[in-house]
There are 2 protein chains.
Amino acid sequence: MDTVKSSVGCVKTATEIIGDKWTPQLLRFFMNEDTVRFCQLQNLVGGVNPRTLSARLVHLEEQDIITKTNSLNSRCDYQLTKKGRDLMPVLRSMQAWSDQYASK
Amino acid sequence: MDTVKSSVGCVKTATEIIGDKWTPQLLRFFMNEDTVRFCQLQNLVGGVNPRTLSARLVHLEEQDIITKTNSLNSRCDYQLTKKGRDLMPVLRSMQAWSDQYASK
DNA sequence: ACAAATACTATACATTGTCTAGCGGAAAAA
DNA sequence: TTTTTCCGCTAGACAATGTATAGTATTTGT
């Protein structure tokens, strides 16, 4: 058998974020908007159900990719941390590929 | 509030590949190896079950990201198409982020 | 007071992934 | 030649995950 040693460079950590359904589309909005709210994401990313969206935001918060701040009137703002902003090159490369090969 | 406006660039097409569990890890091997075989992927990407692996390879083939060629002795070689090679920048940016923020 | 919006949660159900086992063909070992 | 092993899968039962739809509490507008 081949002895492929792959000690350097694993993609696993990133897949644990990017690999979750909806998460890339969600993060994409943070590229353009500084702060984002729950229902904005709900409206703009067509068809996420709120349970899934909630789970994603919790996960992203746990992973220190976004922070949640309660605005005064029982509303919440989500925004990227540095770790989250550092993910943007991934999103941009996905965008570039999608633009090139979009099927529809 | 300057550069990219949201109308251009959606990530959806890429997420339909990258978003599948195991697929980024699988594609990563194609970065290093020219041709890859089923059981190589099975062994090297710890813990994919063959059913899932089979489904991923079928999907990647359908999306024209890899091609399957039957070698003489009833073995199969998989290798990247151009479309697949064009995905490598995505993988590399995921690697870079993972290297920076790997939790363990 | 009443309706609409926000940020969710709850229940039931559908889809997807996983564990384990096994199959048929080909080549290597006995 | 028979047996064993490796390869590239597939099959069935089950567990985890995502979805549709509804509902809740709070706030804001009229």
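**View 1. Two copies about one axis.** The model is predicted: local features need pLDDT of at least 70, side-chain atom pairs count only at pLDDT 80 or more, and totals for chains, interfaces and linings use all residues. Residues are numbered from 1 along each chain as its sequence is written, chains are lettered from A and ligands numbered from 1 in written order, and side-chain values use heavy atoms, without hydrogens and water. The same surface serves both copies: 95% of the contact residues of chain A recur in chain B. Contact means heavy atoms within 4.5 Å.

**View 2. The fold of chain A.** Chain A holds 6 helices and 2 strands. Both are DSSP runs numbered from the N terminus: helices are H or I with at least four residues, strands E with at least two. Along the sequence, the pattern is α-α-α-α-β-β-α-α. Of the 104 residues of chain A, 42% count as buried. Buried means under 20% relative accessible area, exposed over 50%, and partly exposed in between (1.4 Å probe, protein chains only). Among contacts in chain A with a separation of 6 or more, 49% come from residues 24 or more positions apart.

**View 3. H2 against H4 in chain A.** The axes of helix H2 (residues 23-32) and helix H4 (residues 50-62) of chain A come within 11 Å and cross at roughly 65°. H2(A) is therefore roughly perpendicular to H4(A). Axes are lines fitted to C-alpha atoms, for helices over the stretch in contact, and angles run from 0 to 180 degrees between N-to-C directions. Angles of 65 to 115 degrees count as roughly perpendicular, under 35 as roughly parallel, over 145 as roughly antiparallel, and the rest as oblique. From H2(A), Thr23(A), Leu26(A) and Leu27(A) meet Leu53(A), Arg56(A) and Leu60(A) of H4(A). By class, this contact has 4 nonpolar, 1 polar and 1 charged residues. Ala, Val, Leu, Ile, Met, Phe, Trp, Tyr, Cys and Pro count as nonpolar, Asp, Glu, Lys and Arg as charged, and the others, Gly among them, as polar.

**View 4. H2 against H6 in chain A.** H2(A) packs on helix H6 (residues 88-101) of chain A at an angle of about 110°, with the axes 10 Å apart. This angle makes H2(A) roughly perpendicular to H6(A). H2(A) contributes Pro24(A), Leu27(A), Arg28(A) and Met31(A); H6(A) contributes Met88(A), Leu91(A), Arg92(A), Met94(A) and Gln95(A). The contact of H2(A) with H6(A) has 6 nonpolar, 1 polar and 2 charged residues.

**View 5. Two loop residues with positive phi.** Asp64(A) is not a glycine, yet has a positive phi of about 65°. Asp64(A) lies in the loop between H4 and strand S1 (66-70) of chain A. Its relative accessible area is 44%, so Asp64(A) is partly exposed. Trp22(B), also not a glycine, has a positive phi of about 85°. Trp22(B) sits in the loop between helix H1 (12-18) and helix H2 (23-32) of chain B.

**View 6. Ser98(B) and chain A.** Ser98(B) belongs to helix H6 (residues 88-101) of chain B. Ser98(B) counts as buried, at 1% relative accessibility. Not counting residues up to four places away in sequence, Ser98(B) touches Cys10(A), Val11(A), Lys12(A), Thr13(A) and Ala14(A).
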